[in-house]
Each structure stands twice: as structure tokens, then as C-alpha cells.
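Here are a few notes to read alongside the model.

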Amino acid sequence: MTTNDLQKHVSGFVAVIGRPNVGKSTLINSLIGQKIAIMSDKPQTTRNKIMGVLTLDDAQILFIDTPGIHKPKHKLGEYMVRAAENTLHEVDVILFVVDATAKMGPGEEYILDNLSKIRTPVILAVNKIDQVPKISLLPSIEKYTTCCEFAAVVPISALDHTNLDRLIAEIKAHLTPGPQYYPPDMVTDQPERLVISELIREKALHATREEIPHAILVDIEEIKTRVNDDLYVRAVIYVERESQKGIVIGEGGKLLKQIGQAARKDIENLLGNKVFLDLWVKVKKDWRNRENILKTFGFE
Ligand SMILES: Nc1nc2c(ncn2[C@@H]2O[C@H](COP(=O)(O)OP(=O)(O)OP(=O)(O)O)[C@@H](O)[C@H]2O)c(=O)[nH]1
């Protein structure tokens, strides 16, 4: 990059917020083009902040995928809300993602109320427009624009990649000249173990469907590089009750094996190494309400 290019180069942080299930992970994945954030059909699965880095010729955008803001129900919920709110003060732009197929509800009102206390510019991304007729789009957008001021409003489909260029342009307009923080080939600054635990969690949630809503926590106990750069990973899936342990393991260990195989494939794709995944299931009663356990897993 020449000095002249550097002067034109902008960079900054963007917090992606929105009610669970509006499509934040899908959007980040579509923008960055690589699977880094957890995806699930169930709400509130994004528990850790996963950062994706979009490197363009003239800009570098660092996305922070904040955990879904919602009213705290337990300690983990409180952590998520606090972390998200702190982040919002520090970023250059807030990307508020809403679902065009759903009415504006208490979840959005709660977020809007929080946003009104923050001076960071907010871009409203109205997602899933592939699912709604054009005629009903405007009235639903107006619900938001009449009550709040946005730096921009961009209707998008994260799934179909519709209007994502415009979204990027709007984001770029709010960034200031700055350096490339990360090398261009870097898509996430998360430690390997966080990404690996997210992938395992995603597979476990997917495999157990409705039976274990959010009672799963994954801890990576060990990562070791073996000969030929093969990776050995020992991970524990923590559940809250003995009965849930049985569900995750499945008959004759069938389900756990399935979770392990699916996760291993994704980890190998992501890291480009052959992986040996040593997967365990353990019970830790009521982990959601224990602050020290949260700390152990890196939730400061
Ligand atoms: N039709 C349609 N579906 C979408 C679009 N974007 C996301 N989805 C779907 O919406 C569901 C939720 O998407 P996610 O990306 O997991 O949502 P999220 O906001 O990250 O959810 P949390 O992590 O729980 O906060 C998934 O089934 C996606 O496939 C879109 O543009 N169009």
C-alpha cells in the first residue's frame, strides 16, 4: 500500500445488534464469505463475541457480533446485555438488524430505548426482504423511522446477498481514515478455541433440536499439534442436568458421534488441518447462574 492509498484507507468497528434470529450471523457470514459465526434455527445461540474482518481495497471493517440484546433473565443474560452495551459506546457504527417478516415488538423497543442513550451512528438493516412483498416493506420500515433517527436505512437479504454493497457503502461513509488492523487473509481474531467451541456448540444444538434449548456450554480443554500438523482437540460439552447428558450422548453414543463428526469436518475446513476430536459430555448443575463459572469460560 502506498502513502497515498493509506490516506484514503478507512477502517473501523461495527457492532451488529438485533433481536435473536433476525439474521445477524447470516449477514456477517455473507459479508465475509466464510463460516465464522455460529448459525442455528434457534434464537440466542450467539453467546460469544465473534469478530469478522472484511478487508476491501480501500477499507477494513471489523464486525463485532454482539450477543442478542434482550432483557436479562439470568446471569448469563445480564453478562450478554452488559457486554453488548459497553461495546456500543466504543464502536464507529452500530448496525441494527431487524426482520422484515416480523412486526416491530418489545425486543426492538428495548433495543431502540438503549440506542437512544448512545451517540454512535446507527444504520438500520431491514433483513429478509426476499420474504416480503415490496408493497408491505415501506410501512414496516416507517414504524422504525418515525420513532428513531437512523444514519441510513438499507433493506437487505443476507441470504440472497441483496443490497449488501449498499450496506457496505453506508458503513464506509461513517468510518474515518485508518490503517489495516489485520492482514487481508485474516477473517477472525478469535482464538482458535473459541471458534472450535462455537462450532461444536452449533452441532450439538442442531443435533438435539428442541430438547436442550440453551443449556449447552462447550469448553475446549486442550489443543495440541501433533506430527504433520494434525490437531488433537479435547472438548467437553457441559449440560445442566443428568437427563440432558443422555440426550446429547444418544442411544449407544450415536448422537455424540454424529455431533463430533460434523464438528470435526467444519473445524478441518476452517483450519485446514486434520483434526482428532476427543469429545466428552459432563453435567454442571445450573451453570447459567454462577458467576465464577462464567469467568472460567472467559465471560469477564
Ligand atoms: N429468508 C431469509 N432468511 C434469512 C435471512 N437471513 C437470515 N435468515 C434465516 O434466519 C434464521 C436466523 O439467522 P441467524 O443468522 O442465525 O440469526 P441471528 O440474528 O444471528 O440469531 P442469533 O445468533 O440467535 O442472535 C436462519 O434460519 C437464517 O437462515 C434472509 O435474508 N432471508
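1. **Ground rules.** Please keep in mind that this is a predicted model, in which local features need pLDDT of at least 70 and side-chain atom pairs count only at pLDDT 80 or more, while totals for chains, interfaces and linings use all residues. Residues are numbered from 1 along each chain as its sequence is written.

2. **The whole chain.** The chain has 10 helices and 10 strands; these are DSSP runs numbered from the N terminus, with helices being H or I of at least four residues and strands E of at least two. Of its 300 residues, 34% are buried, where buried stands for 20 or more other C-beta atoms within 10 Å of the residue's own, exposed for 12 or fewer, and partly exposed for anything in between, with C-beta atoms placed from the backbone. Among contacts with a separation of 6 or more, 70% join residues 24 or more positions apart; a contact is a pair whose C-beta atoms, placed from the backbone, lie within 7 Å.

3. **The largest nonpolar core.** This core holds 35 residues, and Val-14, Val-16, Leu-95, Phe-96 and Ala-125 have the most contacts inside it. A nonpolar core here is a set of buried Ala, Val, Leu, Ile, Met, Phe, Trp, Tyr and Cys residues joined through C-beta atoms within 7 Å. At least two residues each come from β1 (10-17), α2 (24-32), β3 (59-65), β4 (93-99), β5 (122-127) and α6 (164-173). The biggest giver is β4, with 6 residues.

4. **Val-14 and a second core.** Leaving aside residues up to four places away in sequence, Val-14 touches several residues, including Ile-61, Phe-63, Val-93, Leu-95 and Ile-171. A second, separate core has 22 residues, among them Ala-235, Ile-267, Leu-277 and Leu-279.

5. **One side of α6.** Which residues of α6 are buried? They are Leu-167, Glu-170 and Ile-171. These residues lie on the same side of α6 because they cover an arc of only 100° around the axis, taken from the directions from the helix axis to the C-beta atoms.

6. **Two positive phi values.** Most residues other than glycine have a negative phi. Lys-128, though not a glycine, has a positive phi near 70°; Lys-128 sits in the loop between β5 and α5 (134-147). His-161 also has a positive phi, of about 65°, and lies in the loop between β6 (152-155) and α6. Are these residues buried or partly exposed? Lys-128 is buried because 22 other C-beta atoms lie within 10 Å, whereas His-161, with 13, is partly exposed.

Technical notes. Two residues are in contact if their C-beta atoms, placed from the backbone, lie within 7 Å.
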